[in-house]
Amino acid sequence: MEVHTPKEIIRCLKELSDLKKAEFFPRFFKTGPGEYGEGDKFLGVTVPYQRSVAKKFEKSINLSQIEELMASEYHEVRLTGLFMLVAKFEKTKDSLERKRIFDFYLNIRHQINNWDMVDGSAPQILGGWLWDKDRDILYKLANSENIWENRMAILATFHFIRKNDFKDIIALAEKLLHHPHDLIHKAVGWMIREVGKRDYQLAYDFLTQHYKNMPRTMLRYAIEKFHHDVRTQFMKGNI
């Protein structure tokens, strides 16, 4: 098998960069002083191009090389590394290898520092590994002072929700109900909405119990797929 280096991958990404995107992405991902993505740098490469690069190189790159990519100052390089890591996890049937990738993911989680990185990897790797195992790590992540670890815990449950297992998202939603950041409000609301697609009554009952005390953004995300009249009643506090 041909072996590729992180430098080759970065060079490939740079060749796909777009100056206008490089100027736009820092604003979109809130990289200004005091914002959640403060200081992050961008090449200006769109996600479809990143995925194409990941697909090209994923078979010929190892975890130590992905670790090099995850140390990059550029957002797209790190995200491309995550796309390759997810592909490796999903394509292997070897339990030891999947555990190795899961552990590796936890070890490099400090480099997973924006919502797109979390959302594109936590359901597959964290959720995928923990599906039939003890899930205490999710509650440790939820208790972290790091917003991205909090979001990892929530998004990991997407894997469970798709399999009609709702226990952990309900527990985590209650734990994070009063989180100070709207990115967590959005994530919790999104997952409750996904629960509602599969078990309307469970989502409805959860919201009936908590909606008057939850952030409005969380509520709006959660009820997005409800009937218009029901949404109106929730927003007016008439449930």
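In this predicted model, the contact between helix α10 and helix α11 is made by Ala-153, Ile-154, Thr-157, Phe-160 and Ile-161 on the α10 side, and by Asp-168, Ile-169 and Leu-172 on the α11 side. Sorted by class, this contact comprises six nonpolar residues, one polar residue and one charged residue.

Two packed helices are described by the angle between their axes and by the distance between the axes. For α10, residues 147-162, and α11, residues 167-175, the angle is about 155° and the axes lie 8 Å apart. Since angles over 145 degrees count as roughly antiparallel, α10 is therefore roughly antiparallel to α11. The crossing of these two helices is left-handed.

I would next draw your attention to Ala-142, which belongs to helix α9, residues 136-142. Is Ala-142 buried or exposed? Its relative accessibility is 6%, and it therefore counts as buried, the limit being under 20%. Which residues does Ala-142 contact, once neighbours within four places in sequence are set aside? They are Asn-150, Ala-153, Leu-172, Lys-175 and Leu-176. Ala-153 and Leu-172 also take part in the contact of α10 with α11. Ala-142 and Leu-172 are separated by 30 residues in sequence, yet their C-alpha atoms are 7.3 Å apart in space.

I now move to another helix pair, α3 and α5. The axes of α3, residues 47-57, and α5, residues 75-91, come within 9 Å and cross at roughly 50°. That angle makes α3 oblique to α5. The crossing in this case is right-handed. From α3, the residues involved are Val-47, Gln-50, Arg-51, Val-53, Ala-54 and Phe-57; in α5 they meet Glu-76, Leu-79, Thr-80, Phe-83 and Met-84. By class, seven of the residues in this contact are nonpolar, two are polar and two are charged.

Helix α1, residues 6-15, brings us to the last topic. Its buried residues include Pro-6, Ile-9, Cys-12 and Leu-13. Why do these four lie on the same side of α1? They cover an arc of only 125° around the axis, which places them on one side of the helix. As a general point, an α-helix has 3.6 residues a turn, so residues three or four places apart point the same way. The face of α1 turned away from the buried side carries Lys-7 and Glu-15, both exposed. The buried residues of α1, in turn, pack against α3, α4 and α5, where α4 spans residues 63-70.

Conventions:
Residues are numbered from 1 along each chain as its sequence is written. This is a predicted model: local features need pLDDT of at least 70, side-chain atom pairs count only at pLDDT 80 or more; totals for chains, interfaces and linings use all residues. Side-chain values use heavy atoms; hydrogens and water are left out. Axes are lines fitted to C-alpha atoms, for helices over the stretch in contact, and angles run from 0 to 180 degrees between N-to-C directions. Angles under 35 degrees count as roughly parallel, over 145 as roughly antiparallel, 65 to 115 as roughly perpendicular and the rest as oblique. A crossing is left-handed if the near helix is turned anticlockwise from the far one by less than a right angle, and right-handed if clockwise. Contact means heavy atoms within 4.5 Å. Ala, Val, Leu, Ile, Met, Phe, Trp, Tyr, Cys and Pro count as nonpolar, Asp, Glu, Lys and Arg as charged, and the others, Gly among them, as polar. Buried means under 20% relative accessible area, exposed over 50%, partly exposed in between (1.4 Å probe, protein chains only). The arc is that of the directions from the helix axis to the C-beta atoms.
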